[in-house]
Each structure stands twice: as structure tokens, then as C-alpha cells.
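This report walks through selected local features of one model. Please keep the sequence and the coordinates open while reading.

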Amino acid sequence: MIRYMFSRITNHALRITHYESRITNHALRITHYALRITHYALRITLYALRFTLYASRFTHHVSRITFHVSRFTFHVSRITHHVSRITHQKGAVMGNLLEKAASPEVLNAAWRRFRKDKAVWEPGLSRREMERNIGYHLLRLSDELRTDSYIPNPVRFFPVNKGDGRQRIISATTLRDKVAQRAVLNVIEDMGERFFHHDSFGYRPGRTIDMALARVRECMLCGLKWVIDADIEACFDNIPHKPLIRIMQSLISDKELVSLIRRWLDVGAVRRGFLATAKGIPQGSVLSPFLCNVYMTSWDNEMAARNLPFVRFADDFLVFSASREDAEKAYSCVDKALKRLGLSLNGKKTRIAPCGPGVRFLGKKLPKLKRNTPFK
């Protein structure tokens with residue numbers, strides 16, 4: 001009996017020991033999982049810290065970018081503001097050109113230039129009838145120019161015989177249009193003077209035929225013994241409108257004034273066909289010599305860039321060279337430069353010749369190569 005009890009007690013003790021070992025094992029496993037959880041928690045915390053660091057750095061860079069963008073926007077706005085002010089001021093100044101041309105003072109000065117002109121004021125109104133109420137008609141013309149309601153009168157064309165047997169088409173404009181063109185020319189003439197080349201002498205204030213001939217004498221005395229005696233084939237009749245208007249737009253920013261000049265060109269051009277290119281400036285018009293000089297200035301500048309001495313008086317010019325060989329090379333340059341402008345040399349009248357009395361320019365014979373020799 002005692003042995004049986006002892007065996008049972010021993011058996012229970014073993015079972016208790018077994019459960020204790022199992023409990024210990026489970027406790028160790030729980031501790032292991034707890035350590036793993038702690039490890040993962042630490043890693044998560046580390047990643048969170050790293051993410052927070054990157055987020056703060058990203059936020060810092062974004063803030064710097066935003067700051068620089070704001071500064072750039074600020075400077076752009078300032079530049080835009082200054083450009084708009086400059087454009088506004090320039091537009092205000094240039095926009096006043098037509099306003100100035102339409103002023104009674106300028107129109108009156110233009111009117112006085114035609115005191116002896118017998119042309120009609122406009123179709124159906126003679127000069128004498130207009131002078132009976134001159135104030136009304138000048139003020140009406142001023143108002144038409146200011147309000148952009150001015151419409152040029154039709155231009156009359158008639159042929160004039162030339163010395164070579166051919167004919168030149170001359171235009172006849174009304175006195176009203178002459179006064180308006182003279183008023184515009186009074187306003188833009190100074191701008192042209194700053195634009196034109198100094199070896200261009202035709203139809204410019206303060207420049208005369210004698211000054212052009214004096215420049216010819218200077219070239220001859222510098223040892224330039226050969227000359228291209230040139231004549232442009234129907235220069236005024238062949239000047240194309242589009243490139244001329246582009247030059248005028250670069251010279252004059254007053255769009256209304258350029259539009260007015262375009263209207264004068266349209267009404268003064270000889271019609272060559274429905275699909276023909278618009279070209280030709282009316283000979284006899286007040287503005288035509290100015291427009292010719294504007295268009296030919298690019299040719300002047302090209303000759304100067306190629307070191308080809310020249311003297312030009314409207315569509316007549318001389319180009320000087322030291323030798324005949326140089327003159328022949330210069331002839332090719334002159335011809336190509338004119339063709340780029342839509343113009344061409346008159347082959348019958350253009351020649352290469354030695355400087356001297358055998359060459360006539362502006363109605364005068366070139367002198368012999370002696371100092372102080374006058375033109376004849």
C-alpha cells in the first residue's frame with residue numbers, strides 16, 4: 001500500500017515537472033516573440049525617423065524652390081511692367097505722329113508750300129472756290145486725318161515724253177492730297193534723315209546737286225579713275241509695295257500713319273493686272289522721293305559694306321573704282337544688289353567709263369582729273 005502511494009506521488013511529481021517544463025518552454029517562446037516584436041517595433045521606429053528626415057528635407061527643398069520661383073515671378077513681373085511702360089511711352093510718342101501731322105499748325109505750313117499750285121482742291125472744287133472758305137477745308141482735312149476717315153482722291157496719270165523717245169508716266173494728285181502728304185512729310189522727314197546714307201543726296205533738306213557733284217569730285221581726286229555710270233530701269237515704277245511697307249513699319253511705329261501711306265501707294269500705283277504684284281510709287285507725288293530714298297537705303301548700305309564708293313541722287317548714281325577690272329567686278333555687285341530689291345539696271349544707259357568729261361551726271365559733265373576743276 002505504501003509503495004503504491006509512493007508511485008502515484010512520484011508519477012504526479014513527474015507530471016508537475018513536465019508541466020513546469022512546458023510552461024517554461026511557452027514562457028521562453030513568448031519572450032522570443034516579444035523580442036521579435038520589439039525588434040520590428042525598433043525597425044519601424046527607425047524607418048519612421050528616416051521618413052521624417054526625408055520628409056523634412058523634401059519640405060525644405062520645396063520651400064526653397066517655391067522661394068526662388070516667387071523671386072523669379074517677381075522679377076518677371078517687374079520686367080513686364082517696365083517693358084509695358086516703355087512700349088506705352090513709345091507708342092504714345094509714335095502714335096502722336098499722325099496727330100501732329102493733322103494739327104492746324106502743320107497743315108497750315110504745308111498749305112503755304114503750295115501757294116502757286118493751280119491744282120484743284122478735290123474733284124469738283126477748284127482752288128479759288130476752296131480759298132473762299134479755306135479755314136473750313138483745312139479743319140475738315142485735319143479732322144479726317146485725326147479720325148482715320150481720310151480717303152485719298154483718285155490720281156490722274158498722263159504720259160510725258162523722255163529724251164530717249166520713250167514715255168514716263170507722271171501722276172497728278174489733288175491739292176488736298178498734296179497738303180496732307182506734305183504735312184506727313186514735315187513730321188517724318190527728320191526720321192528719314194537719321195536713316196539715310198550720307199552719300200545719298202536726292203530730295204533731302206539741306207542737300208543740293210552741287211553738294212553731290214562736290215562729292216563726285218572728291219572721289220575722283222582720291223584716285224578713283226573709273227566709274228559705273230548707272231541708270232535704274234523705271235525705278236519709281238518698279239519699287240514693290242510690300243518690302244517698302246515693311247521698311248516703313250521698322251522706321252515708323254505709328255500704325256495709323258503707315259496705313260495712311262499704304263493708302264497713298266495703293267491709289268497712286270499704275271494697275272498692271274488683277275493678279276500683278278503691287279508696285280510703283282507715283283512720280284510727281286510729294287512723298288515719292290522720300291519713299292524712294294527709304295527703299296534705296298538698303299542698297300546704299302550694301303555698297304558701303306562692300307567698300308564701293310558711290311554718289312546717289314534718287315534713282316541716278318555713280319559707283320567709283322580705281323581700275324576698269326575693279327569697276328567690272330563692282331558692276332556685278334551693283335546689279336545683284338538691285339535685283340534683290342526687285343529692280344534692275346538699264347542696260348542701254350548703264351556703262352563703265354573713265355572719269356572725265358565723257359560722263360554726265362545730274363546734267364553736268366565730270367571734270368578732268370585736275371584739282372579745283374569745275375563741272376560744266
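Y203 sits in the loop between α5 (175–195) and α6 (209–221). Helices (H or I, at least four residues) and strands (E, at least two) are DSSP runs, numbered from the N terminus. The model is predicted: local features need pLDDT of at least 70, side-chain atom pairs count only at pLDDT 80 or more, and totals for chains, interfaces and linings use all residues. Residues are numbered from 1 along each chain as its sequence is written, and side-chain values use heavy atoms, with hydrogens and water left out.

## Loop residues with positive phi

Y203 is not a glycine, yet its phi is positive, at about 55 degrees. Y203 is exposed, with a relative accessible area of 52%. The accessibility classes are buried (under 20% relative accessible area), exposed (over 50%) and partly exposed (in between), with a 1.4 Å probe and protein chains only.

D148 is another non-glycine residue with a positive phi, here near 60 degrees. Its place is the loop between α4 (134–146) and β1 (156–161). D148 is partly exposed, with a relative accessible area of 44%.

## The sheet

Four strands form an open sheet in the order β4-β5-β3-β6, with antiparallel pairing. β4 and β6 (351–354) stand at the edges, each with a single partner strand, so one side of each has no neighbour in the sheet. From one strand to the next, the twist averages 20 degrees. Two strands pair if DSSP finds at least two bridges between them. Strands of a sheet pair through backbone hydrogen bonds, either parallel or antiparallel.

β4 is joined to β5 (residues 316–321) by four bridges, and the two run antiparallel. V311 stands opposite L318 in β5. The hairpin of β4 and β5 has two residues between the strands, and A314 takes a positive phi near 60 degrees there.

Strand β3 (residues 226–231) and β6 are also antiparallel, joined by four bridges. D229 stands opposite R351 in β6.

Both faces of β4 are covered. F310 and R312 on one side are buried, and so are V311 and F313 on the other.

## Helices against the sheet

α10 lies across β4 and β5 and runs at about 175 degrees to β4. Helix α11 (residues 324–340) lies across β3, β5 and β6, at about 140 degrees to β5. Axes are lines fitted to C-alpha atoms, for helices over the stretch in contact, and angles run from 0 to 180 degrees between N-to-C directions.

## Where two helices cross

The axes of helix α8 (residues 241–251) and helix α10 (residues 288–305) come within 10 Å and cross at roughly 90 degrees. The two helices are therefore roughly perpendicular to each other; that class covers 65 to 115 degrees, while angles under 35 degrees count as roughly parallel, over 145 as roughly antiparallel and the rest as oblique.

Which residues of α8 and α10 make the contact? α8 contributes P243, L244, I247, M248 and L251, and α10 contributes F290, L291, V294 and Y295. Contact means heavy atoms within 4.5 Å. By class, this contact has nine nonpolar, no polar and no charged residues. Ala, Val, Leu, Ile, Met, Phe, Trp, Tyr, Cys and Pro count as nonpolar, Asp, Glu, Lys and Arg as charged, and the others, Gly among them, as polar.

## R312

R312 is found in strand β4 (residues 310–313). Is R312 buried or exposed? R312 is buried, with a relative accessible area of 0%. The R312 side chain makes a polar contact with the side chain of D300 at 2.8 Å. It also reaches the backbone oxygen of A314 at 2.8 Å. A polar contact is a pair of N or O atoms within 3.5 Å; within protein, one must be able to donate a hydrogen and the other to accept it, and residues adjacent in sequence count only if both atoms are side-chain atoms. Not counting residues up to four places away in sequence, R312 touches D199, S200, F201, G202, N293, M296, W299, D300 and F317.

S142 is in helix α4. Not counting residues up to four places away in sequence, S142 touches A102 and L107. R217 belongs to helix α6. R217 and K368 are 151 residues apart in sequence, but their C-alpha atoms are 9.6 Å apart in space.

| Residue | Relative accessible area | Class |
|---|---|---|
| S142 | 4% | buried |
| R217 | 22% | partly exposed |
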